[in-house]
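Please keep the structure open while reading.

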Amino acid sequence: MKAILTGKNRELLWEDVPDPAVGPEDVLIKVEAAALNRADLMQRAGDYPPPPGCPEWLGLEIAGTVIKLGAIAEKKSRWRAGDKVCALLGGGGYAQYVSAHYAMLMPVPKACSMAEAAAIPEAFATAYLNLFLEGKAKRGETLLMFGGDSGLASVVIPMAKAFGLRVITTVRQKERKMQIAHLCADRIIDLSAEDVAEVLREEAQSGSPVNIAIDCVGGAAMGKSLYHLAYGARWIMIAALAGNMTEIDLKNIYVRNIRIIGSTLRSRTPRVKAQILSQLVQKVFPKIENGQIKPTIYKTLPITEAEQAHAILERCENVGKVVLLVE
């Protein structure tokens, strides 16, 4: 089969690779669409290696058709050859075929295209993990989601709204406000003209302090913002695109019972990931199927144009997910 490999100069190449092995608990899937994630850029740069045993090529989430099942997967799982599925992977999704443990598969939700389905596993699992398992989100609370024009935010914001949260988000430029209007955030902070910490101070004074923050930015603004959160707030760090260092008043943290939580989905055990996917199907898929939550697709490209697709993410051009289509 063919897959996208990273060359010596970090270029992306559509090359021949060995067919995936199918273990007793595995399912072989013919890939139809593979969604991009910022983690792919980090892996390509050598900063985010795949877990042991995963393919070296990129790709954390795909949609496709079940081709073959291992003996245990056939006995224990619901899957059968011909099923349309989406899957969460440790790596290897930029390929014609993938092999995945049966617990890492989900059905394609009704009314979703295969491109939309490919954008579900990693992004929706990350959103669910950080909103509900780490963030302990409750109806009526206020969420601050950084990077409102990112692929992850395009999932987190409507998911939070569907479960009754108030949402504040950020964009880097004024024109991005209109581009994410369909996500229905309650307040959009324009970082080119507004200071996050000052906005959070205003929100707290008006009686709507932030209870949960999902932060992919970090940097100096993170420490400054902690002063203005609700008592018992949860600040979840998932990346630090603006820098790894910040200054924190520790007294503010312990006096106000604020929790700072580091979180990545990829580092979770297969058992935990399987539990997250099961909860997604049970609790979130009905909201996808009734239209309350919908994957936002910015652009689809043939998998042979993976280099161009990565460039879109590197330029921070996309509002929503970029998806590669596999012929």
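At what angle do the axes of helix 4 (residues 121–134) and helix 10 (residues 270–289) cross? In this predicted model, the two axes come within 10 Å and cross at roughly 100 degrees, which makes helix 4 roughly perpendicular to helix 10.

**Contact of helix 4 with helix 10**

- On the side of helix 4, the residues that meet helix 10 are Phe-124, Ala-125, Tyr-128, Leu-129 and Leu-133, while helix 10 contributes Ile-276, Leu-277, Gln-279, Leu-280, Lys-283, Val-284 and Ile-288.
- Sorted by class, this contact is made up of ten nonpolar residues, one polar residue and one charged residue.

**Nonpolar cores**

- The largest nonpolar core has 57 residues, and those with the most contacts inside it are Phe-124, Leu-143, Met-159, Leu-280 and Val-284.
- Helix 4 supplies the largest share of this core, namely eight residues.
- Apart from this core lies another one, of 31 residues, which includes Ile-4, Leu-89, Tyr-102 and Ala-309.
- If its neighbours within four places in sequence are left aside, Val-284 is in contact with Phe-124, Tyr-128, Met-159, Phe-163, Gln-279 and Ile-293.

- Helix 5 (residues 153–162) is largely enclosed by the rest of the structure, because nine of its ten residues are buried.
- These buried residues are Ala-153, Ser-154, Val-155, Val-156, Ile-157, Pro-158, Met-159, Ala-160 and Ala-162, and Met-159 is also one of the residues with the most contacts inside the largest nonpolar core.
- The elements that cover the buried residues of helix 5 include helix 4 and helix 10, together with strand 8 (142–145), strand 9 (166–171) and strand 11 (210–215).
- Helix 5 is followed by Gly-164, for which phi is positive, near 90 degrees.

**Strand 4 and the strands it pairs with**

- Strand 4 (residues 61–69) is mostly covered, with seven of its nine residues buried.
- Strand 3 (residues 26–35) pairs with strand 4 in the antiparallel sense over eight bridges, and Ala-34 stands opposite Ile-62 in strand 4.
- Strand 4 also pairs with strand 5 (residues 84–88), again in the antiparallel sense, over five bridges, with Gly-64 standing opposite Val-85 in strand 5.

Technical notes:
Residues are numbered from 1 along each chain as its sequence is written. This is a predicted model: local features need pLDDT of at least 70, side-chain atom pairs count only at pLDDT 80 or more; totals for chains, interfaces and linings use all residues. Side-chain values use heavy atoms; hydrogens and water are left out. Axes are lines fitted to C-alpha atoms, for helices over the stretch in contact, and angles run from 0 to 180 degrees between N-to-C directions. Helices (H or I, at least four residues) and strands (E, at least two) are DSSP runs, numbered from the N terminus. Angles under 35 degrees count as roughly parallel, over 145 as roughly antiparallel, 65 to 115 as roughly perpendicular and the rest as oblique. Contact means heavy atoms within 4.5 Å. Ala, Val, Leu, Ile, Met, Phe, Trp, Tyr, Cys and Pro count as nonpolar, Asp, Glu, Lys and Arg as charged, and the others, Gly among them, as polar. Buried means under 20% relative accessible area, exposed over 50%, partly exposed in between (1.4 Å probe, protein chains only). A nonpolar core is a set of buried Ala, Val, Leu, Ile, Met, Phe, Trp, Tyr and Cys residues joined through side-chain atoms within 4.5 Å. Two strands pair if DSSP finds at least two bridges between them.
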